[in-house]
Structures are given as structure tokens and as C-alpha cells.
Amino acid sequence: MSPTRDGGLFLTLEGIDGAGKSSHLDALEARFKAQGRTVVRTREPGGTPLAETLRALVLEQPMTPLTESLLVFAARCEHIAQVIEPALARGEVVLCDRFTDATFAYQGAGRGFDTAVLSTLEQWVQAGRAGLPAAQLLQPQFTLWFDLAPEIAAQRLAGARVPDKFEAQPVEFFRRVAQGYADRATADASRFVRIDASQARDQVWQQIDTALVARGVLSQVQGAAQ
Ligand code: TMP
């Protein structure tokens, strides 16, 4: 786990497209605010005007996996400097829809791009940030990983909206991405919180709430069932 100064909390949501992670952001934000926390809600690629411009390129334009990786890390560099670091320094909660795990899952596992290059970019962009020692990477304290079979995610996505470049990928691509997430979760088991995203939406929310209470990130709602 990566400590941050002054009680800031860096929480990310991850999973393949169609896993339903973003639909819980409103509830998460409200839950933290009800406990008196200030919440910065953001996403990757994106979160600053320049990073959102890079997002549009990454999601719509054909490009090599190296270009894709450079652009998502360029966007991340701006996002960390302008949004994430300042919010953590103020002791706020940063709720971020995707972060570097997505790069290892999509560009690394999905595209088959060299993960050693990704690790180098990660070092450049995330080492020694937010008041951390020079060798330490800025990482989320916890990552909610919405785990869902790619076939079910594809059914959920079908017809939902005009697919972007990634959403239009075949199910085999998402099998590799899902495996990439599973490998990341195994390698960093104390950071990853696996959420069974195949369940109904309110059961998924219960899993999130219970997991965050168990880790001391949220306190139990008064009067809630034990
Ligand atoms: P979203 O649809 O959840 O907002 O994510 C945007 C898309 O960008 C999603 O298909 C995953 C992809 N992506 C990458 O390929 N690499 C990354 O590093 C990030 C953050 C997202």
C-alpha cells in the first residue's frame, strides 16, 4: 500500500468494459461525503483538460500500442500533478475511475505490449510523487476490481451505446484484459478488492460497502445490519 500525507485516500475502480464499475461512483461519493470527507471524483485517461484531449485520441484514433501507452502515461502525468497529488495533500478522497492497472491490463495483457516498457513509464510518472520517497511509486491504497466474465460484459455492452475503439474489440481481447487484471490482483493482493460484478447491482454495492468497512476505509452506517 502506498501511504499518502495528511490522511488522503486514493481509491481506484477497475475492470473490463461492461463490468459496471462507473455506475457505483455516485453512491461511493455520497457515502464518503456522508462521513464528512471531501471527494475528488475523476477518471483516466482524463481528469484535466489536456488529459481529456489525450483521452479522445486514445479512444478514437488507431495507433500503435507504444503510442497508446505513451499517451495514457502522458495524460496520467498531468492528472497526477494537477489533480491527484494536490487532492491527497489536502487530505481528500480521490475516487478515480481507472489508473495504471488499466494500462497493464489493456496495453500489456490486451495488446500484448512489453510490460517492462510499461514499468519504466510507471517509474517515470509515479515514482516519488505526493511526498513519497524517491523510489516509491504513487499507487492507490485500494483498488476495487469489478470481476466479470467477458462474455457477460459483452452482452451488457451490446447496444448500450456507440462503442469506442476498446469497446469494439472482440471478446478474446477482453479475455486477455481480464486475465491481466487477475494477474495484477494476485501480485498485489492487499491492494486489490475483488468485487463479483456478476451479481445484481445492489448486491454489488453491498460487496463494495462491506469490503471498505472491513478495511477501515468507511465506517459502518448507523443502524445497518451487522
Ligand atoms: P472507461 O470507458 O472506463 O472510461 O475507460 C476508457 C477506456 O480506455 C477503456 O476501454 C480502457 C481504456 N484504457 C486503456 O486502454 N489504458 C489505460 O491506461 C486506461 C486508463 C484506460
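Predicted model: local features only at pLDDT ≥ 70, side-chain atom pairs only at ≥ 80, totals over all residues.
I will start with the pocket. The largest pocket holds about 640 Å³ of space. Its lining is made of 30 residues, and the ones nearest the centre are D17, K21, R55, R98 and E167. Sorted by class, the lining of this pocket comes to twelve nonpolar, six polar and twelve charged residues. As for where those residues come from, at least two each are supplied by α2 (49-60), α3 (65-89), α4 (100-110) and α6. The biggest contributor is α4, with four residues.

E167 sits in the loop that runs between α6 (150-157) and α7 (171-187). Is E167 buried or exposed? Its relative accessibility is 12%, so E167 counts as buried, the cut-off being under 20%. Leaving aside residues up to four places away in sequence, E167 is in contact with D17, L157, R161, V162 and F174. D17 is also listed among the residues nearest the centre of the largest pocket. F174 belongs to the buried set of α7, which brings me to that helix.

On α7, a check of length comes first. Its 17 residues, at 1.5 Å a residue, should span 24 Å, and the C-alpha atoms at its ends are 24 Å apart, so the two figures agree. Which residues of α7 are buried? They are F173, F174, V177, A178, G180, Y181, R184 and A185. Looking down the helix axis, these buried residues fall within an arc of 155°, and therefore they line one face of α7. T186 and A187, on the other side, are exposed. The cover over the buried residues of α7 includes the strands β1 (9-15), β4 (142-147) and β5 (192-196), and also the helices α4, α5 (115-126) and α6.

The structure has one cavity of 30 Å³ or more, and the space inside the largest cavity is about 40 Å³. By class, the cavity lining has six nonpolar residues, one polar and one charged. In general, such empty space is found by rolling a probe the size of a water molecule over the atoms.

Now to α4, the helix that gives the most to the pocket lining. Why call α4 largely enclosed by the rest of the structure? Because ten of its eleven residues are buried. Those are T100, D101, A102, T103, F104, A105, Y106, Q107, G108 and G110. They pack against β1, α3, α5, β4, α7 and β5.

Just past the end of α4 is G112, with a positive phi of about 80°. G112 lies in the loop between α4 and α5. With a relative accessible area of 58%, G112 is exposed, since the cut-off is over 50%. G112 and F173 are 61 residues apart in sequence, and their C-alpha atoms are 9.9 Å apart in space. F173 is one of the buried residues of α7, whereas G112 is exposed.

That is the end of the talk.

Definitions and conventions
Residues numbered from 1 in each chain as written. Heavy atoms only, no water. Buried < 20%, exposed > 50% of the residue type's maximum accessible area, 1.4 Å probe, protein only. Contact = heavy atoms within 4.5 Å. 1 Å grid on protein atoms, 1.4 Å probe; cavity = no way out; pocket = protein on both sides within 12 Å on 5 of 7 lines; lining within 4 Å. Points joined across faces, edges and corners; volume = space filled by probe spheres on them. Nonpolar A, V, L, I, M, F, W, Y, C, P; charged D, E, K, R; others polar. Expected span 1.5 Å × (residues − 1). Arc of directions from axis to C-beta.
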